[in-house]
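Please look through the predicted model shown below, with the sequence beside it. The paragraphs that follow lead from charged pairs to the sheet, then to a helix and a group of aromatic rings.

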Amino acid sequence: MGLCSLDIMPDIIAQNRRNYEDYKAQLASVPGITPIHYDPGKENNYQYVVAEIDADSFGMNRDELVALLDAERIIARRYFYPGCHQVAPYVGSQVRPLPHTEALAKRVISLPSGLNTTQQDIEKVSQLIRFLHQNAAGINKALKVGGS
């Protein structure tokens, strides 16, 4: 399959980059969610749209955001979580703690992207993320009351 995709790889990368740029533009005004920066001087396939969540600025943490997006049938994932050093065969071995890796692994999210992701899909996801940010205090309060 990989060899068959080589002919259309430039188109795939172009679509992935459009998705990344669309998310970046749509989420630019939302405090606490920052798409990772890609160096324009380097080649990249833009396969994943990854953003870092600052819970204090956004109003909820990455796991809460993922759960709420999932409730709306939007597939967003924790990105590279847990860190590789925390899974077999490394967990329990002599691997030293990696606190920066662990902290970052708790803050990054992979947003829906790919060839079948349309600009309208990105607008819908981004609109929901903006809504969740703007209403985070009330949502958190309602979830806390409902979860008791």
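**Charged pairs, sheet, helix and rings**

D63 forms a salt bridge with R62, and the closest N and O atoms of this pair are 2.6 Å apart. The two partners can be set side by side by their accessibility: R62 counts as buried because its relative accessibility is 1%, a value under the 20% below which a residue is called buried, whereas D63, at 37%, counts as partly exposed. In general terms, side chains of opposite charge can pair when their charged atoms come close. The structure holds three salt bridges, and the other two can be taken in turn.

One of them joins R17 to E21, with the closest N and O atoms 3.8 Å apart, a distance that falls within the 4 Å cut-off used for a salt bridge. Both residues belong to helix α2 (residues 9–27), where they lie four residues apart, about one turn of the helix. R17 has a relative accessibility of 38% and therefore counts as partly exposed, and E21, with a relative accessible area of 32%, is partly exposed as well.

The remaining salt bridge is formed by E52 and R107, whose closest N and O atoms are 2.7 Å apart. What does this pair tie together? E52 lies in strand β2 (residues 49–53), while R107 lies in the loop between α5 (99–105) and β4, so the pair ties together parts that are 55 residues apart in sequence. E52, at 29% relative accessibility, counts as partly exposed, and R107, at 30%, counts as partly exposed too.

Strand β2 leads on to the sheet. Four strands form an open sheet, arranged in the order β1-β2-β4-β3, and their pairing is antiparallel. The strands at the edges are β1 (33–35) and β3 (77–78), and because each of them has a single partner strand, one side of each is left without a neighbour in the sheet. The pairing of β1 with β2 is antiparallel and runs over three bridges; within it, P35 stands opposite A51 in β2.

Strand β4 (residues 108–111) contains S110. Is S110 buried or exposed? With a relative accessibility of 12%, S110 counts as buried, since buried means under 20%. Leaving aside residues up to four places away in sequence, S110 touches Y48, V49, A76, R77 and Y79.

At 1.5 Å a residue, its 16 residues should span 22 Å, and the end C-alpha atoms of α6 are 22 Å apart, so the two values agree. The buried residues in α6 are I122, V125, S126, L128, I129 and L132. When α6 is seen down its axis, these buried residues fall within an arc of 160°, which means that they line one face of the helix. Which exposed residues does the face turned away from the buried side carry? On that face of α6 are the exposed residues Q120, K124, Q127 and Q134.

The last stop is the aromatic rings. A pair of aromatic rings is described by the distance of the centres and the angle of the planes. The count of aromatic pairs comes to four. In one of them, the rings of Y20 and Y38 have their centres 4.8 Å apart and their planes at 65°, so the pair is edge-to-face, the term used for planes over 60 degrees apart. Y20 lies in helix α2 and Y38 in the loop between β1 and β2, so this pair ties together parts that are 18 residues apart in sequence. Both Y20 and Y38 are buried.

Y20 also pairs with Y46: the centres of these two rings are 5.5 Å apart and their planes stand at 45°, so the pair is tilted. This pair, too, links distant parts of the chain, with Y20 in helix α2 and Y46 in the loop between β1 and β2, 26 residues apart. Y20 is buried, having a relative accessible area of 2%, and Y46, at 4% relative accessibility, counts as buried. Taken together, ring pairs link Y20, Y38 and Y46 into a cluster.

Note on methods: Residues are numbered from 1 along each chain as its sequence is written. This is a predicted model: local features need pLDDT of at least 70, side-chain atom pairs count only at pLDDT 80 or more; totals for chains, interfaces and linings use all residues. Side-chain values use heavy atoms; hydrogens and water are left out. Helices (H or I, at least four residues) and strands (E, at least two) are DSSP runs, numbered from the N terminus. Buried means under 20% relative accessible area, exposed over 50%, partly exposed in between (1.4 Å probe, protein chains only). Contact means heavy atoms within 4.5 Å. A salt bridge is a side-chain nitrogen of Lys or Arg within 4 Å of a carboxyl oxygen of Asp or Glu. Two strands pair if DSSP finds at least two bridges between them. The expected span of a helix is 1.5 Å times one less than its number of residues. The arc is that of the directions from the helix axis to the C-beta atoms. Rings of Phe, Tyr and Trp (its six-membered ring) pair if their centres lie within 6.5 Å; planes under 30 degrees apart count as stacked, over 60 as edge-to-face and the rest as tilted.
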